[in-house]
Amino acid sequence: MKKVTKSLAIVLLLAIVSISAQAQVKFGPRIGANFSTMTLKYSGLSIDPNSLVGMNAGIQAEISLGNFAIQPAFLFAMKGSKYDISSADVSMKITPSYIEVPVNAVYKIGAGPIHVLLLAGPYVSYGIGGKYKYTSGSESYEESIKFGSGDEDDMKPIDAGINFGGGVEISHFQVQAQYSLGLINLATTTEGDAEQKNRVLSVSLIYLFGGK
């Protein structure tokens, strides 16, 4: 039994080394725009969110084998939303910023230097800053977001969800559009079935060094 296990381990190791040798590894900068909203619900009531424009920027990697690739990234991402209650002349803007790590699986369709990209995968992010801004009539005030899980905190720091989208690759350049669906409730209280979840449409330009 030990000989069989050892043989299987050797075969698996050789397979991993063979795949690694054939795979192409690229990396480079990524920058783009986020068009974000955040659901806001409490006690069965919800406020329609208005989209905010932020940015995403960081480093993108690609590990590819043929037309299939894995793309991990390390990003700074701005999210949030704006809410207007016209009947009460009140508005609120939430602008959290995150360090985000998405890992997308990508399938490339085409040949030569031009490909159509189909992508999907998970992401996890951690809140590092941001502000709340409240406006009522002619008065307004602003405060920093306090991340945590207690009742005195504003928002949970860890967010996670799934991405799906597509794009185009021309030589070393990629243009990607993806929708990110946050799956974690960021509200720090369970009273009134409170809910806050991120929703982001992003468009990014990527340049990848390496490969052909």
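Visitor: Which residues form the nonpolar patch on the surface, and how much accessible area do they have together?

Guide: The model is a predicted one. In it, Ile31, Phe35, Val53, Met55, Met78, Phe173, Val175, Leu201, Val203 and Leu205 form a nonpolar patch on the surface, with about 840 Å² of accessible area together.

Visitor: How is a pocket found, and what is the volume of the largest pocket?

Guide: Rolling a probe the size of a water molecule over the atoms shows where empty space is left. Here the largest pocket has a volume of about 330 Å³. Its lining consists of 18 residues, and Leu40, Tyr132, Asp154, Ala194 and Gln196 lie nearest the centre.

Visitor: Which strands contribute to the lining of the largest pocket, and what classes of residue are found there?

Guide: At least two lining residues come from each of S1 (24-42), S2 (45-46), S6 (90-111) and S11 (195-207). The largest share, 3 residues, is that of S1. By class, the lining has 9 nonpolar, 4 polar and 5 charged residues.

Visitor: How many salt bridges does the structure hold?

Guide: A salt bridge is read from a side-chain nitrogen of Lys or Arg within 4 Å of a carboxyl oxygen of Asp or Glu. The structure holds 5 salt bridges. In one of them, the side chains of Glu195 and Lys41 meet at 3.8 Å, N to O. This pair links distant parts of the chain, with Glu195 in strand S11 and Lys41 in strand S1, 154 residues apart.

Visitor: Where is Lys79 found, and is this residue buried or exposed?

Guide: Lys79 is in the loop between strands S4 (68-78) and S5 (81-85). With a relative accessible area of 5%, Lys79 is buried.

Visitor: With which residues does Lys79 form salt bridges?

Guide: One partner is Glu100, with the closest N and O atoms 2.7 Å apart. Glu100 lies in strand S6 and Lys79 in the S4 to S5 loop, so this pair ties together parts that are 21 residues apart in sequence. Asp159 is also a partner, at 3.8 Å, N to O. Asp159 belongs to strand S9, so its pairing with Lys79 ties together parts 80 residues apart in sequence. Lys79 and Asp159 are buried, and Glu100 is buried as well.

Technical notes: Residues are numbered from 1 along each chain as its sequence is written. This is a predicted model: local features need pLDDT of at least 70, side-chain atom pairs count only at pLDDT 80 or more; totals for chains, interfaces and linings use all residues. Side-chain values use heavy atoms; hydrogens and water are left out. On a 1 Å grid over the protein atoms alone, a cavity is a set of points where a 1.4 Å probe fits but cannot get out, and a pocket is an open set with protein on both sides within 12 Å along at least five of seven lines; lining residues have an atom within 4 Å of a point. Grid points are joined across faces, edges and corners, and a volume is the space filled by probe spheres set on the points. Helices (H or I, at least four residues) and strands (E, at least two) are DSSP runs, numbered from the N terminus. Ala, Val, Leu, Ile, Met, Phe, Trp, Tyr, Cys and Pro count as nonpolar, Asp, Glu, Lys and Arg as charged, and the others, Gly among them, as polar. Patches are made of residues with over 30% relative accessible area and no salt bridge: like charges are joined within 9 Å, nonpolar side chains (Val, Leu, Ile, Met, Phe, Trp, Tyr) within 5 Å. Accessible areas come from the Shrake-Rupley method with a 1.4 Å probe; for residues, only the protein chains shown count as cover. Buried means under 20% relative accessible area, exposed over 50%, partly exposed in between (1.4 Å probe, protein chains only).
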